[in-house]
Amino acid sequence: MPELPEVERIRQSLSPGVLGKRVVGATLHRRDVLVVPGDPAGGFSRQRSGASKPRRYEARRLLVGTTVVDVKRLGKELAIVGETGGEGVAGRSVLLVRLGMTGQLVLLGSGARASKRDHIHATLRLEGGGRLLFRDPRRFGGLRAFENLESLSEHWSGLGPDALGVTGPVLRERLGGSARAIKAALLDQRVIAGVGNIYADEALFESGIAPGRAAGSLSEGEASALASAIRAILARAIEAGGSSIRDYLDAGGVAGTAQRLHRVYGRGGLACERCGGELAQILLAQRTTVFCPACQR
Ligand SMILES: [Zn+2]
């Protein structure tokens, strides 16, 4: 599942190919992957829309007629910002991309063919013949259209601060006096945005904090250690191209190697690198959680 580092790599690999390009056409292959203003709360029902026939739908919502001027990210969400021309009356449209479990953005040059052609739910055609595909086999991800940057900001105000810049005092304030497990709090995107199962386990191991500790029980020192572990681990993972577990690839189809840096994720029952004891694997907040009972308190 893409977390902050993978989404940031997608942003970085996508930007050079789309910035300054005009979107000249779009096709939505499944209506239910796109939420537009006016759709029912929670989005278009997936039950009611099993139709998988290609259809064109509200091209403007898919940025047709705009020039891509920015690709933003907050946590695990990407936002492609398009600008309409017009003298002095430039408008902005935003297409938010959530990758969910298996979502991919695939940027193809003119004439290039997608290596995997199934589960492509939306296609944006760029001037010059390039295409941007949204592919998502399990469909936990999706697209959401906003009419302007203000609506995007409003939506993003529901998320916590981006984990890549989180500090100890901010983290401690966001955790408040919460009695729930620190691991569960880290996974809650309203607390901080961008951390998922992999990097939560890695950051808790690095900072020596047990995943089941009450979030509100962290001392100032522990909150600072955890925040700095989160920042360092995310930055290292971005540097390594993200973690390619299952099907993550960046927008250019390149896999990452950050999975080689993992010290606890996926290593339940193996020896702790630090003390040699056995790493425990439990279910916490419905997610597999790996930690060292000796090194993490
Ligand atoms: Zn240990």
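In which sense do strand S5 and strand S9 pair, and over how many bridges? Hold that thought for a moment, everyone.

What we have here is a predicted model, where local features need pLDDT of at least 70, side-chain atom pairs count only at pLDDT 80 or more, and totals for chains, interfaces and linings use all residues. Residues are numbered from 1 along each chain as its sequence is written.

Back to the strands. S5 (residues 92-98) and S9 (residues 142-146) run antiparallel, with 5 bridges between them. Strands here are DSSP runs of E with at least two residues, helices are runs of H or I with at least four, and both are numbered from the N terminus. Two strands count as paired if DSSP finds at least two bridges between them. Within this pair, Val97 has Leu143 of S9 as its bridge partner. Helix H2 (residues 149-156) packs on the sheet and touches S3, S4, S5 and S9, its direction making about 35° with that of S5. Such angles run from 0 to 180 degrees between N-to-C directions, with axes fitted as lines to C-alpha atoms, for helices over the stretch in contact.

Now the whole sheet. It is open, has 5 strands in the order S2-S9-S5-S4-S3, and its pairing is mixed. Strands S2 (34-35) and S3 (67-74) stand at the edges with a single partner strand each, so one side of each has no neighbour in the sheet.

Val97 comes back in the largest nonpolar core, which has 77 residues; Val97 and Val195 are among those with the most contacts inside it. A nonpolar core is a set of buried Ala, Val, Leu, Ile, Met, Phe, Trp, Tyr and Cys residues joined through C-beta atoms within 7 Å. Helix H6 (residues 220-239) gives the most to this core, 8 residues.

On to the domains. The chain is assigned domain 1 (4-156) and domain 2 (163-291), with bounds from an automatic or database domain assignment. Their C-alpha centres lie 29 Å apart. In contact are 17 residues of domain 1 and 22 residues of domain 2, contact meaning C-beta atoms, placed from the backbone, within 7 Å.

Last, Pro2, in the segment before helix H1 (4-18). Is Pro2 buried or exposed? Pro2 counts as buried because it has 29 C-beta neighbours inside 10 Å; the cut-offs are 20 or more for buried, 12 or fewer for exposed, and partly exposed in between, with C-beta atoms placed from the backbone. Leaving out residues up to four places away in sequence, Pro2 touches Val7, Lys76, Leu99 and Tyr248.

Definitions and conventions: Two residues are in contact if their C-beta atoms, placed from the backbone, lie within 7 Å.
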